[in-house]
Amino acid sequence: MLRFINLPQIYFNTCFRTVEPLDYYRRFLKENCRPDGRELGEFRTTTVNIGSISTADGSALVKLGNTTVICGVKAEFAAPPADAPDKGYVVPNVDLPPLCSSRFRSGPPGEEAQVASQFIADVIENSQIIQKEDLCISPGKLAWVLYCDLICLDYDGNILDACTFALLAALKNVQLPEVTINEETALAEVNLKKKNYLNIRTHPVATSFAVFDDTLLIVDPTGEEEHLATGTLTIVMDEEGKLCCLHKPGGSGLTGAKLQDCMSRAVTRHKEVKKLMDEVIKSMKPK
Amino acid sequence: MDGAMHTDAKSRAETGTESGPRGPGCSLRHFACEQNLLSRPDGSASFIQGVAEKSREQLIRNTCEAVVLGALHPRTSITVVLQVISDAGSLLACCLNAACMALVDAGVPMRALFCGVTCALDSDGTLVLDPTAKQEKEARAVLTFALDSVERKLLMSTTKGLYSDAELQQCLAAAQAASQHVFRFYRESLQRRYSKS
């Protein structure tokens, strides 16, 4: 009986949500919550699955609510750059294929994918997550190049956080075989039986915010919230509280005090993510 | 496009003293500005751009979109073309300043002006405003901010390198103080332009 009474109300709500999405959101934001039931500072359920792709040297799948990103790392040989003969390469690439959302078309990478790729490259560079010298096998002759491919399988907002987390988890999973250079033939010999994990020095964690109506900051926006927001902000922090990246691509202005609030939320988020990742890695070790 | 602008931040000699109409204590380099440079673009070129340029374009575009009153001109496309003539450091900040002045020259209605300021933090934590290319390369962290003219709020920020929260607030405060020099320069150059014609 109750269901029949609620039906017209549900119908009205969905119509209102489609016709006036901003007003619909404002009603929730006034009560300090969001349509999916979260608080303004609450993240969606985060799940991570490490080592699922057996053909890659390291892989991780991260789900932030509906947003799904998978990262695969492949290691190959390359000659080190001429100006830095003792360094290897880490080459990230973010792919937003049409399968993840109807807003993307097939063809060359769109602007959002390019910006995300540049963002991940900046995070790797700034946070020094891997010392490039660790990737060198023989100075001037041979080095590792790690191709990190991040593919979005479902786009529901907050792609940068998911990509950063997936990258970190995949790099922690990477095992590189030992390589020796044969003195006589000058060829590299790969010992697939002896593998070492990478030396991950820092753990950068990204926290994204969306700015609503120039004043309200909400954490972990969904796709719909990103569309209605007047600005976005992403903070990447490592475990010592140092900032690797403060990415605010335009949008409404923020005061220094609001930035400070975002910093404290980013610190809490870092602890949550680190705990989750440590649990997953610990559960994998006996294998 | 109707308005065009050439911003030139000249490189300062290492032993030079700080002087000029901006007053002592301002560590920004000398500004120069020339408006209405192009009456009509007389050529075109296309080239393959990298991911870094696309990222920079997105930053500048979103900053402009935040201040331009687009609702007053529906079905209008505003194209901002930035051509780097010479790069002596603080390139993104210079691009932002040029974009803002070009929009003013074109007469596009805006809710505020914006300016770009770059800060560099070197290895012992000293803050340098408007770093040269050499200072940028040697710095531990380089932070670029876009601030609006009404309340000095942060419109855009992009950073390189590692820095702490306290250093960020320090750089932001320094950038906000420096932005008033930039806005005063905007006002003076516009006054000069419109007093001639």
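Predicted model: local features only at pLDDT ≥ 70, side-chain atom pairs only at ≥ 80, totals over all residues.
Helices (H or I, at least four residues) and strands (E, at least two) are DSSP runs, numbered from the N terminus. Follow chain B along its sequence, and the pattern reads β-β-α-α-β-β-α-β-β-α.

Residues are numbered from 1 along each chain as its sequence is written, and chains are lettered from A in the order in which they are written. Local features of the model need pLDDT of at least 70, and side-chain atom pairs count only at pLDDT 80 or more, while totals for chains use all residues; side-chain values use heavy atoms, without hydrogens and water.

Next, select residues 51-67 of chain B, helix α1, together with residues 91-106 of chain B, helix α2. Their axes (lines fitted to C-alpha atoms over the stretch in contact) come within 11 Å and cross at roughly 40°.

From α1(B), Arg56(B), Leu59(B), Ile60(B), Thr63(B) and Cys64(B) meet residues of α2(B), including Leu92(B), Cys95(B) and Leu103(B); contact means heavy atoms within 4.5 Å.

Finally, return to the whole of chain B. Of its 197 residues, 43% count as buried, meaning under 20% relative accessible area with a 1.4 Å probe and protein chains only. Among contacts in chain B with a separation of 6 or more, 65% come from residues 24 or more positions apart.

Technical notes. Axes fitted to C-alpha atoms, helices over the stretch in contact; angles between N-to-C directions. Buried < 20%, exposed > 50% of the residue type's maximum accessible area, 1.4 Å probe, protein only.
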